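Here are some notes to read with the model open beside you. Take the points one by one, and find each residue on screen before moving on.

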Amino acid sequence: MRFIFLFTFLVTTVFAFAQRNCGSTLYNSRFANEMVTQQNNSTSSRDTIVDEILTIPVVVHVLYNNNAQNISDAQIRSQIDVLNEDFRGMNADGSNTPDAFKAHAADAKIMFCLAQINPEGYAAKGIVRKYTSTTTFEVNDAMKFNAAGGDNAWNPKKYLNIWVCNMGSNAIGYASQPGAQIDRDGVVIQYNAFGRIGSLMSNFNKGRTATHEVAHWLGLRHIWGDNECGNDGINDTPQQSFYNNNCPSFPSVSSCSVDANGDMFMNFMDYTNDACMNMFTHGQKTKMRGQFAINGPRNSFMNSFACDSSMATAAPLPDDTSVTVKTIAPSFNIYPNPANNEMNVVGLNGFDLKGQLLKVYSASGILQFTKSNLSSSEKINISHLNSGVYFVAIISGKDRKIVKLIKQ
Ligand SMILES: [Zn+2]
């Protein structure tokens with residue numbers, strides 16, 4: 001009996017280390033009956049703009065039971081770099097995409113930062129480290145809760161939560177789908193498959209486990225649709241018979257293939273090794289960006305400023321609702337709005353702009369410029385801004401007012 005157990009353990013362990021073992025399908029089958037629709041009632045107030053860069057603040061919760069699991073800041077930063085390259089189509093190994101699929105490869109124009117502000121509004125570096133007595137986590141969300149040996153999420157409407165921990169052979173990673181129960185929302189990654197520096201499993205040493213799981217978090221399914229000859233709901237990913245492991249040679253054709261090009265095994269949503277995956281398609285891009293649209297489950301990220309450390313104060317960031325309220329009744333106003341080359345800024349309700357600090361952010365929360373020591377009535381040149389939606393902020397002590405600006 002003991003030998004049988006040992007044998008099973010060894011086979012399971014070898015299996016887990018040899019090929020990708022994404023737990024998302026198992027996870028979603030376990031928790032499907034707990035799914036609730038995460039509506040945000042359009043409180044972020046705006047839709048996405050075609051091809052604007054969407055920037056997502058990330059908090060990484062490192063849960064460690066030994067020193068090896070307490071991965072370095074540099075390893076964490078290397079993972080953010082990988083996400084930015086892969087979701088911008090700027091990964092160097094994109095050159096390995098076969099010619100037959102090159103036209104399908106897309107720049108999803110989604111980027112990530114380690115959150116510079118915590119939910120209380122204080123400056124932060126987007127990394128939480130916590131000792132856990134749990135030696136091996138399962139695909140059951142225990143890592144997401146203080147009470148279960150994990151670490152509670154930062155507000156999932158403003159942050160992508162990534163828990164990095166030891167899951168042993170249970171999974172290399174898994175993700176919640178958009179619309180999942182709010183306190184379970186996020187991505188879990190095995191500690192030695194995270195980033196591209198440090199001590200990593202040889203087949204999963206380029207940070208693609210997180211690329212794959214974050215794409216699940218943005219609504220993508222496995223490219224084979226989790227079925228034999230299944231459908232992933234994306235038009236430009238070819239049907240394939242099942243997943244691919246390791247590193248196939250092009251073309252890899254099966255009885256399900258629609259043409260001689262066969263499987264798109266180099267897609268991030270297949271199960272191939274990190275070194276062999278290098279692309280999202282235009283259809284996958286559209287699906288992921290659709291999550292941020294006006295009534296989409298991730299629309300609240302359109303108002304997250306947590307990538308900009310200059311917004312940190314001793315006060316909490318405005319939540320979605322307060323931003324909307326302040327847009328209706330601000331203590332300053334802008335005219336004309338929409339504006340062309342200049343905007344006038346005036347105080348309202350007795351609020352004097354004199355000496356105040358003004359900041360202009362892109363719709364995705366990136367600081368465009370600042371103007372300090374304002375006069376009471378200020379005329380500001382905005383001719384250098386591209387057309388689009390911006391947020392103008394006046395920061396006065398602990399208080400902050402934000403007005404939406406349309407640049408024509
Ligand atoms: Zn997966």
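1. Start with a pair of facing residues: Asn344 stands opposite Lys379 in β11. The strands involved are β8 (residues 342-347) and β11, which pair in the antiparallel sense over five bridges. Strands here are DSSP runs of E with at least two residues, helices are runs of H or I with at least four residues, and both are numbered from the N terminus. Two strands count as paired if DSSP finds at least two bridges between them. As background, strands of a sheet pair through backbone hydrogen bonds, either parallel or antiparallel.

2. Before going further, a word on what you are looking at. This is a predicted model, in which local features need pLDDT of at least 70, side-chain atom pairs count only at pLDDT 80 or more, and totals for chains, interfaces and linings use all residues. Residues are numbered from 1 along each chain as its sequence is written.

3. Now widen the view around that pair. Three strands form an open antiparallel sheet in the order β7-β8-β11. Its edge strands are β7 (332-335) and β11 (377-381), each pairing on one side only. Neighbouring strands are turned by 25 degrees against each other on average, direction ignored; the axes are lines fitted to C-alpha atoms (for helices over the stretch in contact), with angles running from 0 to 180 degrees between N-to-C directions.

4. The loop between β7 and β8 deserves a look, as it holds Pro336 and also Pro338. A cis peptide bond joins Tyr335 and Pro336, with omega about -15 degrees. The bond from Asn337 to Pro338 is cis too, with omega near 10 degrees. For context, most residues other than glycine have a negative phi, and most peptide bonds are trans.

5. Which way does phi go at Asp226 and Asn373? Asp226 has a positive phi of about 55 degrees although it is not a glycine, and Asn373 has one of about 50 degrees, again without being a glycine. Asp226 lies in the loop between α5 and α6, while Asn373 is in the loop between β10 (367-371) and β11. Asp226 counts as partly exposed because it has 16 C-beta neighbours inside 10 Å; Asn373 has 9 other C-beta atoms within 10 Å, so it is exposed. The cut-offs: buried takes 20 or more other C-beta atoms within 10 Å of a residue's own, exposed 12 or fewer, and partly exposed is in between, with C-beta atoms placed from the backbone.

6. Zooming out, the protein has seven helices and 13 strands. Buried residues make up 42% of its 408 residues.

7. Is helix α5 (residues 208-217) enclosed or open? Ten of its ten residues are buried, so the helix is largely enclosed by the rest of the structure. Among them are Arg208, Glu213 and Trp217. The cover includes α2 (24-31), α3 (73-87), β4 (160-165), β5 (173-175), β6 (187-190) and α6 (282-290). Just after α5, Gly219 takes a positive phi of about 100 degrees.

8. Four bridges join β4 to β6, which run parallel, and here Ile162 stands opposite Val187 in β6. β5 and β6 pair in the antiparallel sense over three bridges, with Gly173 partnering Ile189 in β6. Val187 and Ile189 point one way from β6 and Val188 and Gln190 the other way, yet all are buried.

9. What about the largest nonpolar core? It has 85 residues, and those with the most contacts inside it are Val58, Ile162, Val164, Cys165 and Val187. Strand β1 (residues 54-64) gives the most to this core, with seven residues. A nonpolar core is a set of buried Ala, Val, Leu, Ile, Met, Phe, Trp, Tyr and Cys residues joined through C-beta atoms within 7 Å.

10. Gln75 counts as buried because it has 21 C-beta neighbours inside 10 Å. Leaving out residues up to four places away in sequence, Gln75 touches Phe194, Gly195, Ile197 and Gly198; a contact means C-beta atoms, placed from the backbone, within 7 Å. Gln75 and Gly207 are 132 residues apart in sequence and 9.8 Å apart in space, C-alpha to C-alpha.

Definitions and conventions
Two residues are in contact if their C-beta atoms, placed from the backbone, lie within 7 Å.
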